[in-house]
Amino acid sequence: MNRRILTTAALLVAAVAATSSAQQHDTTMPAMPPGMPMPGSPGKADTASRRAPPDSMNMPGMSSNSMPMPIPMPKGMVMMPGLVGLTPPGGTFLPGGGADPASVPQVRPRQILRVKDGDTLDLSATLVRRTVAGRPYIMYGFNGEVPGPLLRVPQNATITVRFHNRIDLPSSIHWHGVRLDNRYDGVPGVTQQAVAPGDSFVYRVHFPDAGVYWYHPHVREDIEQALGLFGNMIVDSPDSSYYSPANQEQVLVFDDLLVNADTLIPYGKKGPDFALMGRVGNLLLVNGEPRYTLDAHRGDVVRFYLTNAASSRTYNISFGGAPIKVLASDVSRFEHEQRVPSVVLAPAERYIVEVRFEHPGRYPLVNAVQAINHFRGEFEAESDTLGMIDVDSSAAAPDYAAAFDALRDNAAVTRDIDRYRPYFDKPPDKRLTLTMHGSGLPLATVQFMNVDTAYYAPVEWVDGMPDMNWLSTSEQVRWILRDDATGKENMDIDWHVKQGSVVKLELYNDPKSFHPMQHPIHLHGQRMLVVARNGVRTKNLVWKDTVLIPVGSTVDVLIDASNPGDWMLHCHIAEHLGSGMMTVLHVDRATPP
Amino acid sequence: MIGRLRALAALAALVAATGPDVGPYDIPLYATPTAPTAKGSARLVFHESPFGVAVTADGHARYDAQITASGLPAPSSLGAYRAYVAWAVSSDLSRWQRLGVVTNGKSTVGTVAMNKFLLVIEAERDSAVATHGGPSVLHGSSPSTFLQIFQAHTAFFHGVTD
């Protein structure tokens, strides 16, 4: 309690100092952490255009009809008067440098590239024109596609990917979840230099594990990934019965965009804005489009490969009441298939599920959450229909009803995990506390947060205060992974383990931080098991590369540190990563090469 | 400026002092005059889920309630009662959901999926009752009941005055 008051007082003093002299902050830029180069100079956007003049509000917190708010607010909510007229420090960025969108090629839908062991392919990050809600925007795509090409690759294949950076920012490709050679992990400052605009880099990617994976840049993900630089890999097991049978497969990537009436909300130039909770869009997209559609037959079993590519949003996906069976997650199948009412999907997580559409009709693809209305102090149901599955009356052929109804035990997964069970109860080798430090935030934000955190939801599903969030940048907010043993933080943590060791990591999400919120923590290049949450042993295990840590939770993970190299461990909320929430796990070779 | 700072610090201190100093999963339980010796607390644990976070299809968190109680007198000492039963009660008191039987010590009872709720432990005529009816002995509120109504905070709409 005392710590909280002291922290509060310190923040208040800092905030008053920052806001009493001027509403606009000094924008001295801290050194960007590895993997987060600054946006290049070609991108220019008008900072002034984002500033809402103080007289745009005809009464405290109310917008006039003629002056739209600079940031979309939840329905019925208004911008706090203490924030009116402020803009995030650090300037703004939009891709294309102000070019006419018509001068940029129209985005193309995702193509499937079936690749085999030894193949070489080219992936180019390019500018594309996308029309969203009737407005053309310049965004990004791989090979002109959003999502990028779907790579369908056999397990244990190795392919060569020639990456060409044709956008206006430095970039790279990270092969998310793939236990590949460290040199090709795609992390500037750790495994390679960022690929400058116009340059290329060659990746060799080996796929040891079946499942669904994805690729995205590891440079300014808050811009590049958010604007379309993402794609999937489906790694096929040689075992044709690896999953239970399905009539068709669908690969869905969820993301969102934040737009005002007729503008894409610009991005922070020096570093991410929306640093408090990450940018949560108001346009929910499936495979880059606002309306997903699928035709199916009565009784069809559809296998969905689901990926959350959003910067911050955690989804709760259901299929109009159709039964859902979860088969697999990031790096493996579950020990046991399981029925679920919906699929909770944190940023960067993947799940493979099967859904059976028993009756003809229309099944909405829905994201449904309980949002928080901060002004009313109430929860409010929020439901977005992301698409529609139309099921006709012709019968599925073949009929997989019996296979769908059966819940399989994956003995091979259990056998694999059995080797690690002796380590489940070992003391943690490392304990990291997830927290944050704020400095120079607007006074109103500090006021609000100190009251707001009287209650903190384990998971914030939506951005209840986008004005406050927008005005927080990586200059003011530092998200932290703190090593409890040494007190060292983020990239200062010197963490070495030996190849072949089984490492227990305890992650604690501090509920007393200035802004408690969930963090999807991603470990590169290894696989890990979530063995316990808040001391409760996990019953149905699966190999993961990303784990959601709710506020106030302690999550124990067991890392199979089998892949040597320097591997990032970070929050996958793009703006948290861009605000420093990362460290490196050094897996030292058991024997020198 | 000093006055403003003082006012803000007072506001923050007030919130820090009056807000729950427990995690988002903890419910302190308070004794009623019916059983003044009773003490207890509850911990909300996400129901088992392959996603770690358990929610319903419409997004309500699903928690198993773990109740720790001590000092509960024999139910029969309070009247014609044989058991203590925990109930999750909607904040408008309109909906009572039976969670399960509570004894001194640790009891893991049923799953609750309400945004805000009260946790009430009552003496009941038997352990299998489907509707509540006896006297309450312990009660508490879910952490989410501390969600504030900010509309009432003048600091946000009229500024902080000296």
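Mentor: Two residues touch, in the sense used here, if their C-beta atoms, placed from the backbone, lie within 7 Å. Please keep in mind that this is a predicted model. His522(A) is found in strand β29 of chain A, which spans residues 519-523. Leaving aside residues up to four places away in sequence, His522(A) touches Ala348(A), Asp545(A), Thr546(A), His570(A) and His572(A). Is His522(A) buried or exposed? A residue counts as buried if 20 or more other C-beta atoms lie within 10 Å of its own. His522(A) has 24 other C-beta atoms within 10 Å and is therefore buried.

We may now turn to the domains of chain A. The domain assignment gives domain 1 (101-236) and domain 2 (248-408). The C-alpha centres of these two domains of chain A lie 22 Å apart. Their contact draws 23 residues from domain 1 of chain A and 23 residues from domain 2 of chain A. On the domain 1 side that touches domain 2, at least two residues each come from β6 (135-142), β11 (211-216) and β12 (231-236) of chain A. The most is given by β11(A), with four residues. Sorted by class, this side of domain 1 of chain A has 12 nonpolar, seven polar and four charged residues.

Two of these strands, β11 and β12 of chain A, also belong to an open sheet of five strands, with the order β4-β7-β12-β11-β9 in chain A. The pairing in this sheet is mixed. At its edges stand β4 (112-114) and β9 (174-176) of chain A, each with a single partner strand, so one side of each is left without a neighbour in the sheet. Direction ignored, neighbouring strands of this sheet are turned by 25° against each other on average. One pairing may be followed in detail: β7(A), residues 150-154, pairs with β12(A) in the parallel sense over four bridges. Within it, Arg152(A) stands opposite Ile234(A) in β12(A).

Next comes chain B. Chain B has two helices and eight strands, and from the N terminus on its elements run α-β-β-β-β-β-β-β-β-α. Of its 162 residues, 38% count as buried. Among the contacts in chain B with a separation of 6 or more, residues 24 or more positions apart account for 58%.

In chain B, an open sheet of eight strands has antiparallel pairing and the order β5-β4-β7-β8-β1-β2-β3-β6. The edge strands are β5 (96-102) and β6 (105-112) of chain B, each pairing on one side only. From one strand to the next, the twist averages 25°. Strand β5(B) pairs in the antiparallel sense with β4(B), residues 83-90, over six bridges, and Val89(B) stands opposite Trp96(B) in β5(B).

Four bridges join β2(B) to the antiparallel strand β1(B), residues 26-31, and Gly40(B) of β2(B) is the bridge partner of Leu29(B). Eight bridges link β2(B) in the antiparallel sense to β3(B), residues 63-70, where Val45(B) stands opposite Asp64(B). In a regular strand the side chains alternate between the two faces of the sheet. The covered face of β2(B) has Gly40(B), Ala42(B), Leu44(B) and Phe46(B), while the uncovered face has Lys39(B), Ser41(B), Arg43(B) and Val45(B).

Finally, let us consider the nonpolar core. Which residues of the largest nonpolar core touch the most other members? In this core of 206 residues, they are Val343(A), Val353(A), Val557(A), Ala65(B) and Ala86(B). The core also draws at least three residues from each of domain 1 (101-236) and domain 2 (248-408) of chain A. Ala86(B) shows what such a position looks like. Residues up to four places away in sequence not being counted, Ala86(B) touches Ala65(B), Ile67(B), Leu99(B), Gly100(B), Val102(B), Val109(B), Leu119(B) and Ile121(B).

Note on methods:
Residues are numbered from 1 along each chain as its sequence is written. Chains are lettered from A and ligands numbered from 1 in the order in which they are written. This is a predicted model: local features need pLDDT of at least 70, side-chain atom pairs count only at pLDDT 80 or more; totals for chains, interfaces and linings use all residues. Domain bounds come from an automatic or database domain assignment. Ala, Val, Leu, Ile, Met, Phe, Trp, Tyr, Cys and Pro count as nonpolar, Asp, Glu, Lys and Arg as charged, and the others, Gly among them, as polar. Two strands pair if DSSP finds at least two bridges between them. Axes are lines fitted to C-alpha atoms, for helices over the stretch in contact, and angles run from 0 to 180 degrees between N-to-C directions. A residue is buried if 20 or more other C-beta atoms lie within 10 Å of its own, exposed if 12 or fewer, and partly exposed in between; C-beta atoms are placed from the backbone. A nonpolar core is a set of buried Ala, Val, Leu, Ile, Met, Phe, Trp, Tyr and Cys residues joined through C-beta atoms within 7 Å.
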